[in-house]
Amino acid sequence: MSDFKLEVVIPNDYEEPEPNEVNKILNDSGKQGSNLIGNFATNAERRAIADRFFRGNQVSHSDSVRAPFEGDEKREHGSGRKSGPLLSGMAYCFSSCSMILLNKVVLSIYNFNAGISLMLYQNLICCLVVAVLGFCGAVSVEKLNWKLVRVWLPVNAIFVGMLVSGMYSLKYINIAMVTILKNVTNILTAIGELYIFRKHQNQKVWTAMFLMMISAISGGITDLSFDAMGYLWQIMNCVLTASYSLTLRRVMDKAKQSTRSGSLNEISMVLLNNLLSLPFGIFLILLFDEWKYVMNVDVIKLPMFWVVATASGLLGLAISFTSMWFLHQTGPTTYSLVGSLNKIPISIAGLVLFNVPLSLANLFSILFGLFAGIFFARAKMF
């Protein structure tokens, strides 16, 4: 899973939806759909999704799903209840931070130039783990059928593009700038919602998005390690992440109707996205002759490389589980705000651990962008 997936896929760029949209996206247990990963979408990459998504990128609840989220305002007394939000929040932040850092290590420190192959390997890991957990009865997984697969293929094609572009942008751009540039996804998603779903944002949200755009432009201008190819990949990633979030919203109802139970939970979406991405990944590897590079590169002979690559894949899946845990322990409001605040340690760690050349102007742009992201999350709450 990639960030995003976050974006996965959930992640990192979580965007809170309108009440009537939540009931369409949340599964019967009260979990929001991937976007997300993100995500899920702007959340998107990881809101992949949460998925990895999702992950995708999403608040009033119906009576059947309101109870798990009431802890935001009415937290019961007791050591178990008090420790739940803290532990789940720490687990979510740790898994999302660690996954991004490990992917950066694989792509930059080990100089691995096969982002599609890395995505394929990580998604395969996710499929195997979810399949084993489903077989053991630890998680509930919806049985797949061809009708559901046909409905989901357009979403998955965008998902694969989102993950691949995210991999390559992370290879060429430092983590702090990737984090700031991802804010552009919020703007593209808001524009898409306006024209496709006729959803209007309040003045504070548009102000926050204007600040995001200013920080992204100023950050790129002052970036001492500027790489045109990396920025091109990141722009593509923002477009695909926003497209993933919007497309997911359009097909979710139809996808649920294609299942036997009439619902599609988060775990099922994780498995569906990652499983369908495997043939796409193999096709792209053959199309771009990436397999020749993988077969001959020396880095794959290093055991530590496989340890890091495997760990990043497992952490991508962990984001899906920890985000669900954290969301159920707190609520959409806290989840959204923590997702924005989590960008701060990720950016700082990226700057320090990878010795990124930094000017005062660029540092100010990064801090300004982080502030704009927090302001955006707050503006979406009201």
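Start by selecting Gly137, the residue that follows helix 4 and has a positive phi, near 80°. As you look around, keep in mind that this is a predicted model.

**Stop 1: helix 4**

Now step back and select residues 115-135, which make up helix 4. How far apart are the end C-alpha atoms of helix 4? They are 30 Å apart, and this agrees with the 30 Å that its 21 residues should span at 1.5 Å a residue.

Next, colour the buried residues of helix 4. They include Gly115, Ile116, Ser117, Leu118, Met119 and Leu120. Further along helix 4, the buried residues include Gln122, Asn123, Ile125, Cys126, Cys127 and Val130.

**Stop 2: a pair of helices**

Select residues 146-172 for helix 5 and residues 228-257 for helix 9. Their axes are 8 Å apart, and the two helices pack at an angle of about 160°. Angles over 145 degrees count as roughly antiparallel, and helix 5 and helix 9 are therefore roughly antiparallel to each other. Turn the view to look at how they cross: the crossing is left-handed. Which classes of residue make up the contact of helix 5 with helix 9? There are 18 nonpolar, 11 polar and two charged residues.

**Stop 3**

Side chains of opposite charge can pair when their charged atoms come close.

Show the side chains of Glu193 and Arg249. They form a salt bridge, with the closest N and O atoms 2.7 Å apart. Glu193 lies in helix 7 (residues 183-197) and Arg249 in helix 9, so this pair ties together parts that are 56 residues apart in sequence.

Lys199 is buried at 6%, and Arg249 is buried at 13%.

**Stop 4: a salt bridge at Asp298**

Finally, select Asp298 and Lys301. Their side chains meet in a salt bridge, at 3.8 Å from N to O. Asp298 is exposed, with a relative accessible area of 55%, and Lys301 is exposed as well, at 63%.

Before you close the viewer, select Glu193, Lys199 and Arg249 together: salt bridges that share partners join these residues into one network.

How values were computed: Residues numbered from 1 in each chain as written. Predicted model: local features only at pLDDT ≥ 70, side-chain atom pairs only at ≥ 80, totals over all residues. Heavy atoms only, no water. Axes fitted to C-alpha atoms, helices over the stretch in contact; angles between N-to-C directions. Helix = DSSP H or I, 4+ residues; strand = E, 2+ residues; numbered from the N terminus. Parallel < 35°, antiparallel > 145°, perpendicular 65-115°, else oblique. Left-handed = near helix turned anticlockwise from the far one by under 90°. Nonpolar A, V, L, I, M, F, W, Y, C, P; charged D, E, K, R; others polar. Expected span 1.5 Å × (residues − 1). Buried < 20%, exposed > 50% of the residue type's maximum accessible area, 1.4 Å probe, protein only. Salt bridge = Lys/Arg side-chain N within 4 Å of Asp/Glu carboxyl O.
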